[in-house]
Amino acid sequence: MTVTFTFSEPVREVTFSIFDVDFGTNQWRDYIRVTGTGPPVSGTASYVPLITTPFGTQNDNSPNQAGSSTVYLGPEPAASPAIPATDAIGNTGGSDNTQNFGNMTASFVQPVTSVTIRYANGPSQYSSGTAGNQWIGIHDITFCTLPDISIVKTSAPFDTSGPERFNIPDTDVVYTLTVTNNGESTAENTAIVDLLPADISFFNGDFNGAVAGTDNFEFVPGSSGLSLSVTNVEYSDNGGVTYTHPIASGYDSVVDAVRFSPQGIFAADSSFIIRFRARID
């Protein structure tokens, strides 16, 4: 028997439970295989879930059967047949409807678009006897959508005390990046890269003069849960290929890209703002 869950777009943290994976001589000899597919990561699009039981066993350590669990997870030590890390079998007796001996939970770290559960009779090298009536239960299927990040960039004159001289050489412009997580899931390791227009010089000084603080940017965290310091801002002099440029004080005309890396977990349904200055040359 094969059960497949498909998703119209990648989702993460797909988790579900399978009940009653057990073994009885000449009766049930349950064998489970769980696999997932999704966007390629490090050259592969096929993923193995982490499979756990109420007794703490999991499919990436060995040995993988503990206490009174009837669920056996591979791989097994070399002296016994190896069980693939995708698999679980029942091999130590039955688990009735008031026990959790045969329960297992599978969860995927990677985003997936498809998850397949295969259920069959256990191979003879793991389970002896003739197969009889068998059943399992699939339960508690949960997942999260991926973050949905959008960025809006706007510009305005820095000096608004007099006539607004915009796009005029030797005047400063303020760029504002508004970054929003529109999704229902948090985001980690957020990095914002801005390729700067030609004929401007990034201002490496006190961004807002009389206002408290001396950073060359302004960060408004909103409800994002993030923070940003000068050590998390990097500069490029080769169009964003690398970010190792040692920025000069004052106006630096060599900077052609800036990378901001806010720290923390970007909350769902939230936004933050970054502002910085540049001179029109």
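D87 is buried, at 0% relative accessibility (buried denotes under 20% relative accessible area, exposed over 50%, and partly exposed in between, with a 1.4 Å probe and protein chains only). In this predicted model, local features need pLDDT of at least 70 and side-chain atom pairs count only at pLDDT 80 or more, while totals for chains, interfaces and linings use all residues. Residues are numbered from 1 along each chain as its sequence is written, and side-chain values use heavy atoms, leaving out hydrogens and water.

D87 forms a salt bridge with R33, the closest N and O atoms being 2.8 Å apart (a salt bridge is a side-chain nitrogen of Lys or Arg within 4 Å of a carboxyl oxygen of Asp or Glu). Because D87 lies in strand 6 and R33 in strand 2, the pair ties together parts 54 residues apart in sequence (strands are DSSP runs of E with at least two residues, numbered from the N terminus). R33 is partly exposed, at 31%.

The structure holds seven salt bridges. Among them, D194 and K153 meet at 2.9 Å, N to O; this pair links strand 12 with strand 10, 41 residues apart. D194 is buried, with a relative accessible area of 7%, whereas K153 is partly exposed at 35%.

Strand 2 (residues 30-41) runs antiparallel to strand 8 and is joined to it by eight bridges (two strands pair if DSSP finds at least two bridges between them). Within strand 8, N121 stands opposite D30. Six bridges join strand 8 (residues 112-121) to strand 1, also antiparallel.

How values were computed:
Helix = DSSP H or I, 4+ residues; strand = E, 2+ residues; numbered from the N terminus.
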